[in-house]
Amino acid sequence: MNENTPYLIAGLGNPGPKYRHNRHNVGFMVLDAFAKYAQIPIQRVQFRALVGKGLFHEARLVLAKPQTYMNVSGQAVVPLMQFYKIPPERLMVVHDDLDLPFGTLRLRSQGGAGGQHGLESIITKLGRRDFSRMRVGIGRPPGRMDPRDYVLHNFDPPEVEFLPAVLQHAVDAIISFIQEGIEKAMNDFNGSLINEE
């Protein structure tokens, strides 16, 4: 690996307008926000993903939104890694997390899937778990609501109002990962944005 080795930033979600604003698609939302900030359009179809390529502060980036549906995200992410010769330490996967309150980010340099099927698919297909991931909290479902239904609902109006701040916080965390490494990003961005305000 050298300084020209690209980073792959993959946001997880479900394809199509039906799912666009669902909680489960917050990984797509973060990636879209980052792509806009970095001025890297995500338009090309490659390995069952929408892909954007470009430079950001001299770092080569590949941005990917798998179009495979969440639970088989590995079918898009791993072929992209192989094609662009991206090592696990230059992969960042962004996904939703039921076990974290809304407004909370949790970055890790490795670990299990924690019940997140998209992440589980990538771990299985890649055959290893030592890659960076960003968990974006969406909170637990109210009452006895089935989590599978909850993740496919849109954010509530109070959450929608605060969502741009959460997405910007996640964008800043990705920038930190690229420029300063996962440990620094973890130190600076793990925690709740809402509690800090």
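## Basis of the description

Two strands are said to pair if DSSP finds at least two bridges between them. Helices (H or I, at least four residues) and strands (E, at least two) are DSSP runs, numbered from the N terminus. The model is predicted, and local features need pLDDT of at least 70, side-chain atom pairs count only at pLDDT 80 or more, and totals for chains, interfaces and linings use all residues.

## Strand β5 and its partners

H95 stands opposite R135 in β7. The strands β5 and β7 are parallel and are paired over six bridges. Strand β5 also runs parallel to β1, to which four bridges join it; here I9 stands opposite M92 in β5.

Burial is judged by relative accessible area: under 20% is buried, over 50% is exposed, and values in between are partly exposed (1.4 Å probe, protein chains only). Seven of the seven residues of β5 are buried, so this strand is largely enclosed by the rest of the structure.

## The nonpolar cores

A nonpolar core is a set of buried Ala, Val, Leu, Ile, Met, Phe, Trp, Tyr and Cys residues joined through side-chain atoms within 4.5 Å. The largest one has 41 residues, of which I9, F34, L61, L63, L107 and M134 touch the most other members. At least two residues of this core come from each of β1 (7-11), α1 (26-38), β4 (59-66), β5 (91-97), β6 (104-108), β7 (132-137), α5 (157-180) and α6 (182-189). Helix α5 supplies the largest share of this core, 10 residues. Apart from this core lies another, of 21 residues, including A10, A49, V77 and I86.

Contact means heavy atoms within 4.5 Å. Not counting residues up to four places away in sequence, L63 touches I9, L31, F34, A35, I40, I42, L50, V51 and G52.

## Aromatic rings

A pair of aromatic rings is described by the distance of the centres and the angle of the planes. Rings of Phe, Tyr and Trp (its six-membered ring) pair if their centres lie within 6.5 Å; planes under 30 degrees apart count as stacked, over 60 as edge-to-face and the rest as tilted. The structure holds seven aromatic pairs. In one of them, the rings of F34 and F56 have centres 5.6 Å apart and planes at 65°, so the pair is edge-to-face. F34 lies in helix α1 and F56 in strand β3 (residues 49-56), so this pair ties together parts that are 22 residues apart in sequence. F34 is buried, at 0% relative accessibility, and F56 is buried at 6%. Together with Y37, F34 and F56 form one aromatic cluster.

A charge sits over a ring if NZ of Lys or CZ of Arg is within 6 Å of the ring centre and within 35 degrees of the ring normal. The charged end of K65 sits over the ring of F28, 5.1 Å from its centre, and that of R133 sits over the ring of F131, 4.5 Å from its centre.

## The loop residue T68

T68 is found in the loop between β4 and α2 (74-83). With a relative accessibility of 5%, T68 counts as buried. Leaving aside neighbours within four places in sequence, T68 is in contact with R48, S73, Q75 and A76.

How values were computed: Residues numbered from 1 in each chain as written. Heavy atoms only, no water.
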